[in-house]
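Subject: Structure handover

Hello,

Here is the structure for you to look through. Please open it before you read on.

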Amino acid sequence: MPDLETRPPAADAGNGLKRNAIGTGGIAFLVISAAAPLTVMAGVAPVAIGIGGIGAPMGYIIAGAVLLVFAISFMAMTKHVKAAGGFYTYITLAMGKTVGLAAAVLAIVSYNCLQIGVYGLFAVQTQAMLLTLFGLDVPWPAVALVAIAAVWLLGYRGIDVGAKVLGILLIAETAILAIMGVGILARGGAEGISFGSFAPEHAFTPGVLAILAICFAAFMGFESTVLYRREARNPDKSVPRATYIAVGFMSVFYAFIVWTVIQAYGDGNVVSAAGELADGMFFATISQYVGPWAEVVMYVLIVTSVYASQLAFHNAINRYVYMLAKDGILPAFLGRTHPRYKSPHRAGQIQTVLAAIVIMICAIAGADPYKHLLIWVNTPGIVGIVALQGLVSVAAFIYLRRNAAAVTNRFLIPVSAASAVLLFGVVALIAVNIELLTFADALTNTILLLVAPTVFLVGLLLARRLRANRPNDFARIGSFETHDS
């Protein structure tokens, strides 16, 4: 009997993603790069410190712990989902094709919100870098459009090339943050080294709970490890390993860096410093404790950090679109790969055009690249991805209850249930504290919160219509065992 996971249909011979292209390290680089460690630290951590106080590092530890619980239930299904469809195929397997297709629609919209919105951040950070280092004032739409072209080019060249570039950039941005942290500790901080951040009276306060939305946003993209299953070497081992490495590294590293920055100003002064310095806090800190040269390097690397994030999300989106095209939901031409690079290049072209259109609309409308493009466009994406993580946990719970052979540990089913409760609780926390993400009025926040459930509902209606009008295509949803993914 042919191995349906590894042998594509004859009609599709030569049209598949590149096999054995990346290992555990490459996958980990891809998904950690999506989170953009330097960007979320330098750009957002000061807000977390300003609201959460000296307990802010625990926000990242708590977020990492919740996501680790999710990863355990998520990875329990990995050996049973033989496709590159990510959330889509996991949810379809356990909850049916209608819910699965709705999840796919929500995933595509959410990842596009994250990817396209961050072009606003790229433009702002690059503008600041060019002005600070070279005295050049370049219009933000021009910067964003150049970034779109650069992201498309590397995505077009294939996952192995992208993983190598992302690996180099990730090491560089991680190194500059580590140098800053070590520099602070080596000089004893502002008032000596304190571990007050981890004391219960500081670690579990309303302020820390309020910043959980910010902390969870710092992990966005780690769950996309499963999207690279078809391109991974030994995916049954490399995908789970990369997932656990990504969650563990980000949780510990984020908490460490935020804690060292608190040491740089002292427990009693750091909140006021975060308010006064805002997104310049990390640059001022590294300049003081390491040297002006390090500040210049950080300005450059924060730009490459955002670029790495853009490329990682671009790759993730393309694989969702590719899978839906292979399943007959989207036009067939989107399910073709490049004859040489084996990249889903047509899906990449569509995503690139969409990003360019959004950027041009924002430019014409006079939108602010940070407030409107980054914050307002990103927020529905964050809500959508965390909600999908909760839905995958429900799917894992259902699947494991139905398939006793897949339960390799008696704690898997309770862990899946706990993961679902925790993640939907996080969605509720994000909704309650959404103004901390958007700084917008109540009406705007309501609209932003309604995007994810509305998209999911539209996906359900599309699935019902597909079942009625195109039953053969509906039957192919989630057909991960019958085509080359």
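Predicted model: local features only at pLDDT ≥ 70, side-chain atom pairs only at ≥ 80, totals over all residues.

Residues are numbered from 1 along each chain as its sequence is written, and side-chain values use heavy atoms, leaving out hydrogens and water.

**The helix pair**

Start with helix α3 (residues 56-75) and helix α17 (residues 412-432). Helices here are DSSP runs (H or I, at least four residues), numbered from the N terminus. The two axes come within 8 Å and cross at roughly 135°. Axes are lines fitted to C-alpha atoms over the stretch in contact, and angles run from 0 to 180 degrees between N-to-C directions.

Ala, Val, Leu, Ile, Met, Phe, Trp, Tyr, Cys and Pro count as nonpolar, Asp, Glu, Lys and Arg as charged, and the others, Gly among them, as polar.

**The pockets**

A pocket is an open set of points on a 1 Å grid over the protein atoms alone, with protein on both sides within 12 Å along at least five of seven lines; a cavity is a set where a 1.4 Å probe fits but cannot get out; lining residues have an atom within 4 Å of a point. A volume is the space filled by probe spheres set on the points, which are joined across faces, edges and corners.

The largest pocket has a volume of about 670 Å³. Its lining has 34 residues, with V44, Y370, L374, I375 and N378 nearest the centre. The classes are 26 nonpolar, seven polar and one charged.

The second largest pocket has a volume of about 410 Å³. It is lined by 19 residues, and V105, L324, I329, L330 and L462 are closest to its centre.

**The cavity**

The structure holds one cavity of 30 Å³ or more. W152, G155, Y156, H314, N318, S343, P344, H345 and G348 line the largest cavity. Helix α6 gives the largest share of that lining, three residues.

Best wishes

Key:
Helix = DSSP H or I, 4+ residues; strand = E, 2+ residues; numbered from the N terminus.
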